[in-house]
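Visitor: I have a structure to look through with you. Could you show it to me and take my questions one by one?

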Amino acid sequence: MDGRGQLALLGGEAGVGKTTIAETLCREAADLGALALVGRCYDLTDTPPYGPWMDAFGDYQPEADLPSPPAAFARTGAEAITTRSALLDGVRHFMATLAEHRPLVMLLEDLHWADPESLDLLRVVARESASQALLVLATFRGDELASNHQLYRLLPVLERESGARRIELRRLHQEALRELVATTYHMTEANSARLVGYLYAQAGGNPFFTQQLLRALEEDEVLRPLGNRWVLGDLAGASVPLALRQVIEARLLRLDEEGQQLLRTAAVIGQDVSFPLWASVVGSEEEALLALLEEATVARLIEPEADGAGFRFVHALVREALYEGINPLRRRLVHRSVGEMLAAFLSPDPDAVAYHFRQAGDAQAAGWLVEAGERAERTSALLTAAERYEAALTIQAERGMDAAEHGWLRLRLATLQRFRKPREALAHVEVAERLAREVNDPGLTARVPLVRGLLRVYADGIGDGLGDVAAGVEMIEKLPHGKAPGPDPSNLSTPPSIQGCSSRCSRGLADLPRQRNEEKGTWRTRLAAGRPRRSLARGGAWRSCTPCRDVLTGPGERTNPPGRRTRTSTSTGFWPSC
Ligand SMILES: Nc1ncnc2c1ncn2[C@@H]1O[C@H](COP(=O)(O)OP(=O)(O)O)[C@@H](O)[C@H]1O
Ligand SMILES: [Mg+2]
């Protein structure tokens, strides 16, 4: 509140109390006049690029003189074409302006499920929090972070770069459990000690598990009120659950058979369930489902959304338990029908549709994954885009596919991978080349050397790749006018114009085909004259232009190609002097 913010990283296992603490803090800050925004990541569903940020900004209603969130983050704005740097600048500016007007608390929940681009953005925002009235709270399940998880590697960076404070929540110890029991249940000392012993032995101090056990004991009337006290029956008679899932399964038994099935179906849809979607999937009138919703709400399995459009499971663990309890065959069928319903929406979310078709083992997922990848590319979420294309290829490889489409997809993926793994990406180009020959697709054939050249530029150095690049562009130029079919893979990771660039410096490697069109062969003359760096990126202006540098050097913040040392010679040194 005094204008100096921080990033606080709240880690701990599922159910240990991260959300409870973070939300309490948000409420307290809001009571003091701060604005609190909450963005969540969801388990099981593939979080779309910038998912939690979009979630947080999507709920934000700009007040009179407060700014609107960047267009790319509006719920329907994912179509906005933008570069990474324009997008990061937009968010930084938006948050800085907000925080100037009103202290801001930004809660990002369950970042262990976040997409890589959201974590990138967190890093950027966190760096500036110290000089703003901005508290960023991020929660994550620390025990689920493998050492190759992006967040695992990011945590020490955040601590070092932004002075982030890391807080690890631990389970309740016996003394805390005693307090919890004492404040909730008025009972004899002996009963209290028995109950604490039972809870500790079963739940090990995990608050969520503890709470579920207490509810189960109350529902079974082993723990029941009598007059102004609580009495505790024979705990040996209480069923001894081995896992949280069994406790939740047992609690689900309070609903009738049909109700149980309906709620399990909802668990397939997601953590947040749209009421009309659920009604369509189960084929019931919304009216008929209301009674079940009320019962499940009383049983504290779900809670209704404030706007009445749906409900959410009270905790991801409840949903996980219900989901795991469904017969896998049935689960696939439900996923398929959810996918089909979502696909029929006016503007479906390709990540959500792809996710459900993928879980259903339905080959339709491939097309949706490609669409999700294209959407990711439009917001410069290149890592997510590459992941989606790779997943699409895996599905298509299993099912067989249209060869031309396959070839184009390989080239697009290879183009995206040019910064991070150009050598591996060459394998995709080989496949694309074979497919181009098989289907006799001149557009595809022409682009193969171009993309191969780009990759070799990054893998082996400018000299090695330029020959292929030159050959590719020549072939593209020879394509009959208007018959250069298909998307241009060398251009796919670059928006048509580089947003945020005010000069005309945005002409570089990634921009090659357009440069060719505009300059009618000039680049070739330059190549021939042995001045490749001029031909590929005119002048050096783009190096000092952040938006262009981002596009031209990619999200890895690399200004030299991988594995290459900076050269100082200007005769061959494309990288340092451009
Ligand atoms: N300190 C606590 N004492 C008692 N119960 C708690 C405590 N913290 C959380 N709980 C209960 O445990 C449940 C899970 O907490 P939650 O904050 O959702 O966990 P997480 O976000 O870590 O998964 C909540 O329903 C909450 O009521
Ligand atoms: Mg939580």
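Visitor: How far apart are the end C-alpha atoms of helix 12 (residues 286-298)?

Guide: Happy to start there. Helices are DSSP runs of H or I with at least four residues, numbered from the N terminus. The expected span is 1.5 Å times one less than the number of residues, so the 13 residues of helix 12 should span 18 Å, and the value found agrees: 19 Å.

Visitor: Where do these numbers come from?

Guide: This is a predicted model, in which local features need pLDDT of at least 70, side-chain atom pairs count only at pLDDT 80 or more, and totals for chains, interfaces and linings use all residues. Residues are numbered from 1 along each chain as its sequence is written, while chains are lettered from A and ligands numbered from 1 in the order in which they are written.

Visitor: Which residues of helix 12 are buried?

Guide: A residue is buried if 20 or more other C-beta atoms, placed from the backbone, lie within 10 Å of its own. The buried residues of helix 12 pack against helix 10 (257-269), strand 9 (302-304) and strand 10 (310-313), with contact meaning C-beta atoms within 7 Å and strands being DSSP runs of E with at least two residues. They are Leu292, Leu293 and Ala296.

Visitor: Is Ala72 buried or exposed?

Guide: Ala72 sits in the loop between helix 2 (51-58) and helix 3 (84-101). Its C-alpha atom is 9.7 Å from that of Val91, 19 residues apart along the chain. Because Ala72 has 25 C-beta neighbours inside 10 Å, it counts as buried.

How values were computed. A residue is buried if 20 or more other C-beta atoms lie within 10 Å of its own, exposed if 12 or fewer, and partly exposed in between; C-beta atoms are placed from the backbone. Two residues are in contact if their C-beta atoms, placed from the backbone, lie within 7 Å.
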